[in-house]
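Visitor: I would like a guided tour of this model, taken a step at a time. Could you show it to me?

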Amino acid sequence: MQFTPQQLAGAQRYGSNTRIGNWLEDCKLKETKIAEFCEAKDSGRLTMANRNAKMMACSQEVALTSGTTIKFGNTIALAHGPSGGMLANDCWEEMVLGQEEYLVSVGSSSVPVARNTFTVEPVAARLKEAIAYEDGEELSYGQPFHLKCNDALGKGDLYLASAQHTPHRGSRITNHQAVFMSSVCDNNAVWIFHHVSDMGIKTGATRLLSLGEAVPSNTPVVMLHRATGQSLYCDDSVSESTEFGLEYEVCANSSKAPNKCESLVAEAKGTMTASTNVRAELAANQWMVAMA
């Protein structure tokens, strides 16, 4: 406790019943602090109360949509094989203060709850590609879509998004292209599912032929950010501390095998074109759409 010069000067010079210094100010200050605490408690503005409300909202169990293919409006989860976790968000923690871009990570829990489930939504007409996809219920390979946070969080419409990496904008640990939740539903919030092939140098051909097919559930896929061409990425050796414990960082970074594809030779033979010249992504870029 801090003492005023008057209080220090009166030490051991007066009796116990003598009031000296700013004694009235100290009493009023104590009363004011108690009143402010009671007011914050009654109005629900206590830090601990806010944290408890957040944890309760995020930990609500959510039922995934059942089915073998993904349809618009479905509630899904994105499981990551190498880390054994699920893509999750923290719509209360801003990555950079004031930018309204919220944290995305891979949590260790495999139980579908509000923070690790998303809703698949179609893109607006202004964001569609020149390639025409049938306006049906099923989501197809190569078809753009949005991933919106679960309504159970009570945070409004927040979409999974990413933005071009700059010297002042990147993921918090590895400084790759950042992935975050944003209320702005623009081209930065558009994603595409691509087919995962084990055909080696024929990955591009199988991926091209799979365009337009329905995306199956519980099958490995690559999730591509359409605006930048980078794939959703998680390295299970890069962890960060969150309010939910130790979780893995998520960013946009296409990680591919270093081996050569002999592209020039294949193009000279006519067995490969520019649209099929694709190297397969590594396991860190592969996700599985979990459904019931």
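Visitor: Which residue follows H2, and near what value is its phi?
Guide: Happy to start there. This is a predicted model, in which local features need pLDDT of at least 70, side-chain atom pairs count only at pLDDT 80 or more, and totals for chains, interfaces and linings use all residues. Residues are numbered from 1 along each chain as its sequence is written, and side-chain values use heavy atoms, with hydrogens and water left out. After H2 comes Gly44, with a positive phi near 75°.

Visitor: Which residues touch the most other members of the largest nonpolar core?
Guide: Such a core is a set of buried Ala, Val, Leu, Ile, Met, Phe, Trp, Tyr and Cys residues joined through side-chain atoms within 4.5 Å. Buried means under 20% relative accessible area (1.4 Å probe, protein chains only). The largest core has 35 residues, and those touching the most other members are Leu87, Leu147, Leu160, Met181, Phe193 and Met223.

Visitor: Which residues does Leu147 touch, leaving out those up to four places away in sequence?
Guide: A contact here means heavy atoms within 4.5 Å. With that cut-off, the partners of Leu147 are Ile76, Leu78, Phe118, Thr119, Val120, Leu158, Tyr159, Leu160 and Met223.

Visitor: Which residue in E12 stands opposite Ala79?
Guide: Two strands pair if DSSP finds at least two bridges between them. E1 (residues 75–80) and E12 (residues 286–290) are antiparallel, with four bridges, while E9 (residues 220–225) runs antiparallel to E12 with three bridges. Pro220 is opposite Met288, and the residue opposite Ala79 is also Met288.

Visitor: Which strands give two or more residues to the lining of the largest cavity?
Guide: On a 1 Å grid over the protein atoms alone, a cavity is a set of points where a 1.4 Å probe fits but cannot get out, and lining residues have an atom within 4 Å of a point. Met95, Leu103, Val104, Ser171, Arg172, Val179, Glu240, Glu249 and Val250 form the lining. The strands giving two or more of its residues are E3 (101–107) and E11 (245–252).

Key: Buried < 20%, exposed > 50% of the residue type's maximum accessible area, 1.4 Å probe, protein only. 1 Å grid on protein atoms, 1.4 Å probe; cavity = no way out; pocket = protein on both sides within 12 Å on 5 of 7 lines; lining within 4 Å.
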